[in-house]
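Here is a short briefing on one protein model.

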Amino acid sequence: MADVSFIPPQKGPITQFSTRALRSGPLWLITKDLGILITVLPYLPLLFFPWKKRDQHDKHLRFQSSRDTVIQALLLLIELVLSILVLPALVWIPVILFVAITVACVLLVRLLAWPTQGPRIVESTMDDRRALRLPQQDAGERWVFINGICTGASGLQQNVDRLSLLFGRKVLGIHNQSYGLISDILECVVQRCLSYSTMDARIAYEILTDYLVDEKVNKVVLVAHSQGGIIASMVVDHLLAELSEEMMGKLVSMVPIPKQPEETPASRLNFK
């Protein structure tokens, strides 16, 4: 029998880039991720800074952004208190009462986070002055953005507007909804270690599938930030398993990287 060669090889350093869930158990992955979280705790307050925002051309969005920051701070405070009290409460109060209090706390968090929620899908919008600066978009291009943690609807709208201005393309935003910093971090751990597909992941999968199978589309650019990168990774894993190489060849994935002097994101990627 003739020898069979695999490209890429099934053994060797390249295998370290395979899916984490296939190389380690979920308990070990969760422990490892929590260890990483502890090392970056000093940087978490930076999520709420800087206070001064740039390029916010819509006063309504400026108000919503400030309101969302206050709500996120309040959610963080409540979730910190609940995290500290959960173990003593589990030991000292009856199980039924503990479950009832837990359900009430979850409902409280969701109620407080409700003003920051919005539509699951948004599109970039520009006033006439800024729209004139955008070049004519190739009819065969589709741009999709998935936001990270602690991002409300107004923050997502600002993100897609900024990306549209930077790259000169219309951008579709998929809202990864937030229920507070601690809830978002726990969701990140579950997504990374258990490969759990949340609603935003399912929406992203459906949209990207429609774009990639569309013969009129020749390029699909997926931009993801923070937790959005975890969601994008899961979605792309499924797409790679189900779509042809030709279809997946249309997909371009982007994550934020440090900007070099005298460069813009568009110049680095040669988008015109």
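The points below go from the whole chain to single residues.

This is a predicted model, where local features need pLDDT of at least 70, side-chain atom pairs count only at pLDDT 80 or more, and totals for chains, interfaces and linings use all residues. Residues are numbered from 1 along each chain as its sequence is written, and side-chain values use heavy atoms, with hydrogens and water left out.

**Overall fold**

- The protein has 10 helices and 5 strands. Both are DSSP runs numbered from the N terminus: helices are H or I with at least four residues, strands are E with at least two.
- Of the 272 residues in the protein, 38% are buried. Buried means under 20% relative accessible area, exposed means over 50%, and partly exposed lies in between (1.4 Å probe, protein chains only).
- Take the contacts between residues at least 6 apart in sequence: 81% of them join residues at least 24 apart. A contact means heavy atoms within 4.5 Å.

**The sheet**

- The 5 strands form an open sheet in the order β1-β3-β2-β4-β5, with mixed pairing. Two strands pair if DSSP finds at least two bridges between them.
- β1 (121–123) and β5 (251–254) are the edge strands, and each pairs on one side only.
- On average, neighbouring strands of this sheet are turned by 20° against each other, direction ignored.
- Strand β2 (residues 141–146) is mostly covered, with 5 of its 6 residues buried.
- β2 runs parallel to strand β4 (residues 219–224), and 6 bridges join the two. In this pairing Trp143 stands opposite Val221 of β4.
- β2 also runs parallel to strand β3 (residues 172–174), through 3 bridges. Here Phe145 has Gly173 of β3 as its bridge partner.
- β4 and β5 are parallel as well, joined by 4 bridges. Val223 has Met254 of β5 as its bridge partner.
- Strands of a sheet pair through backbone hydrogen bonds, either parallel or antiparallel.

**Helix α8 and its neighbours**

- α8 lies across β2, β4 and β5 and runs at about 140° to β4. Axes are lines fitted to C-alpha atoms, for helices over the stretch in contact, and angles run from 0 to 180 degrees between N-to-C directions.
- Helix α7 (residues 199–213) packs on helix α8 (residues 227–242) at about 45°, with the axes 9 Å apart. The pair is therefore oblique. Angles under 35 degrees count as roughly parallel, over 145 as roughly antiparallel, 65 to 115 as roughly perpendicular, and the rest as oblique.
- The crossing of α7 and α8 is right-handed. A crossing is right-handed if the near helix is turned clockwise from the far one by less than a right angle, and left-handed if anticlockwise.
- The α7 side of this contact includes Ala204, Tyr205 and Leu208, while the α8 side includes Ile231, Val235 and His238. By class, the contact has 9 nonpolar, 2 polar and 2 charged residues. Ala, Val, Leu, Ile, Met, Phe, Trp, Tyr, Cys and Pro count as nonpolar, Asp, Glu, Lys and Arg as charged, and the others, Gly among them, as polar.
- α6 packs on α8 at about 25°, with the axes 10 Å apart. These two helices are therefore roughly parallel, and their crossing is left-handed.
- Asp184, Glu187, Cys188, Gln191 and Arg192 of α6 meet Gln227, Ile230, Ile231 and Met234 of α8. The classes are 4 nonpolar, 2 polar and 3 charged residues.

**Helix α1 on α6**

- Helix α1 (residues 26–39) packs on helix α6 (residues 181–194) at about 140°, with the axes 9 Å apart. The two are therefore oblique, and they cross in a right-handed sense.
- Pro26, Leu29, Ile30, Asp33 and Leu37 of α1 touch Ile185, Val189, Arg192, Cys193 and Leu194 of α6. This contact has 8 nonpolar, no polar and 2 charged residues.

**Positive phi**

- Most residues other than glycine have a negative phi.
- Cys150 is not a glycine, yet has a positive phi of about 55°. Cys150 sits in the loop between β2 and α5 (153–167).
- Ser226 also has a positive phi, near 55°. Ser226 lies in the loop between β4 and α8. Ser226 is partly exposed, at a relative accessible area of 42%.
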